Amino acid sequence: MRCSKAQEMLNRYLAGSCNPLESEAVAGHLAGCPGCAARLAELKDVNELLDLWQQESAPEDLLQSVMQSLRRQPQRQLEEQPVAGRTAMLIRHLAVAAILALAFTWGAGPWLANAEVVDANKLVSSYAGASDNVSKHTVSTAERVFSKLNYEEWLRR
Amino acid sequence: MATDEILVRRAQAGDMAAFGELVGRYQDRVYGLSTRLLTCTEDARDAAQEIFIRVFKTLPGFDLRADFTTWLYRVATNVCLDQLRRRHRERLCSLPARDESGSQDRLQDDRAGPEELLLDKERQQAVRRAVADLPDEYRVALVLHHYQQLSYRQVAACLDLTEKTVATRIHRAKLRLRQRLLLGGESDAL
Ligand SMILES: [Zn+2]
């Protein structure tokens, strides 16, 4: 192994990121090369100096201000989601809207059992291409009417 | 304690409490990264907040099969790099505002204060300045690996680079630090 190659590998060697073959090759080179061995010692010194800069904890109010800031703009979060996430969300909202519509039509609540949820899901998947505006309107209307139903809980399933 | 995956899943569905738990879990690491990349306490705090907001907004697109920590660092690094670009390195504000000046004064006033402590403080400042003066692409790789303890593979995934490029950047960063901190000179050749 040449010195330039050995020196390129010294950091990984120090970090324990070399595979066994590489480690053996570097160690072999170091044993017979005082120049590279001196470089290794210097790198250890650099690492020790870097360690003088210790980790600072996050400011105590960081968590609180992040959460406050998110609660202030809940609507923007939905609008800025990437397309894949939004489509998944749209399907879920449509599923919920369909279930709520059924619940409304048949005037019942307790029968909101798994079987209906699955069927509604299948039914609603085919509406994935429906326009954003229509679905938003449907969902918001449904949510207004049925805000008391445990919608959040269902979304988490 | 809930795993990251469970919390991420719940947060993706809009569970704010679950997201809050994730923030609590990662805030020190994220703040550590932003302090070391931006080398300015005020900017680092703003950046950490922006990072978590961006994480929340993009979380629905996160693929649960991927490693959350690497993904989080990727978002965090991008926010910091954006901020560095905005700043155009015109003002690297000095470090750090929180407790440094007070404690340094105390050390100087305290007759019993060991000189070594003062020396350590000075050396720490020298290290901060040297890291701050590294080119951004070297500093990012070095900080992710050395301070955030990501493997070369994780750093590569974070930065969209090959492991070889990551190794080269870390190597060059340390050569510069060696030149400046151990040999007492600049090495602009690298
Ligand atoms: Zn050699």
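Trainee: What makes the largest nonpolar core a core, and which of its residues touch the most other members?

Mentor: In this predicted model, the largest nonpolar core has 65 residues, and Phe19(B), Phe68(B) and Leu144(B) are the ones that touch the most other members. The set is called a core because its members are buried nonpolar residues joined through side-chain atoms within 4.5 Å.

Trainee: With which residues is Phe19(B) in contact, leaving aside its neighbours within four places in sequence?

Mentor: From chain A, Phe19(B) is in contact with Val66(A), Met67(A) and Leu70(A), while its contacts in chain B are Ala11(B), Phe52(B), Val55(B), Phe56(B) and Leu59(B). There is also a second, separate core of 10 residues, which includes Ala6(A), Leu30(A), Cys36(A) and Leu43(A).

Trainee: Why is Gln149(B) called exposed?

Mentor: Gln149(B) has a relative accessible area of 67%, and the term exposed applies over 50%, so Gln149(B) is exposed. Its place is in the loop between helix H7 (136–147) and helix H8 (152–159) of chain B, and its phi is positive, about 60°, although Gln149(B) is not a glycine.

Trainee: Is Asp160(B) buried or exposed, and where does it lie?

Mentor: The relative accessible area of Asp160(B) is 60%, which is to be set against the limit of over 50% for exposed, and therefore Asp160(B) counts as exposed. Asp160(B) lies in the loop between H8 and helix H9 (163–182) of chain B, and its phi is near 60°, a positive value in a residue other than glycine.

Trainee: What makes the pair Glu56(A) and Arg128(B) a salt bridge?

Mentor: The closest N and O atoms of Glu56(A) and Arg128(B) are 3.4 Å apart, and the rule asks for a side-chain nitrogen of Lys or Arg within 4 Å of a carboxyl oxygen of Asp or Glu, so the pair qualifies as a salt bridge. Across the interface of chain A and chain B, the rule finds three salt bridges.

Trainee: How much area do chain A and chain B bury between them, and which residues of chain A lose the most?

Mentor: The two chains bury about 4,400 Å² between them, 64% of it on carbon and sulfur atoms. In chain A the residues that lose the most area to chain B are Leu50(A), Trp53(A) and Glu56(A), together 19% of what that side buries. Counted by contact, 43 residues of chain A meet 50 residues of chain B.

Definitions and conventions
Residues numbered from 1 in each chain as written. Chains lettered and ligands numbered in written order. Predicted model: local features only at pLDDT ≥ 70, side-chain atom pairs only at ≥ 80, totals over all residues. Heavy atoms only, no water. Buried < 20%, exposed > 50% of the residue type's maximum accessible area, 1.4 Å probe, protein only. Contact = heavy atoms within 4.5 Å. Helix = DSSP H or I, 4+ residues; strand = E, 2+ residues; numbered from the N terminus. Buried area = accessible area lost by both parts, 1.4 Å probe.
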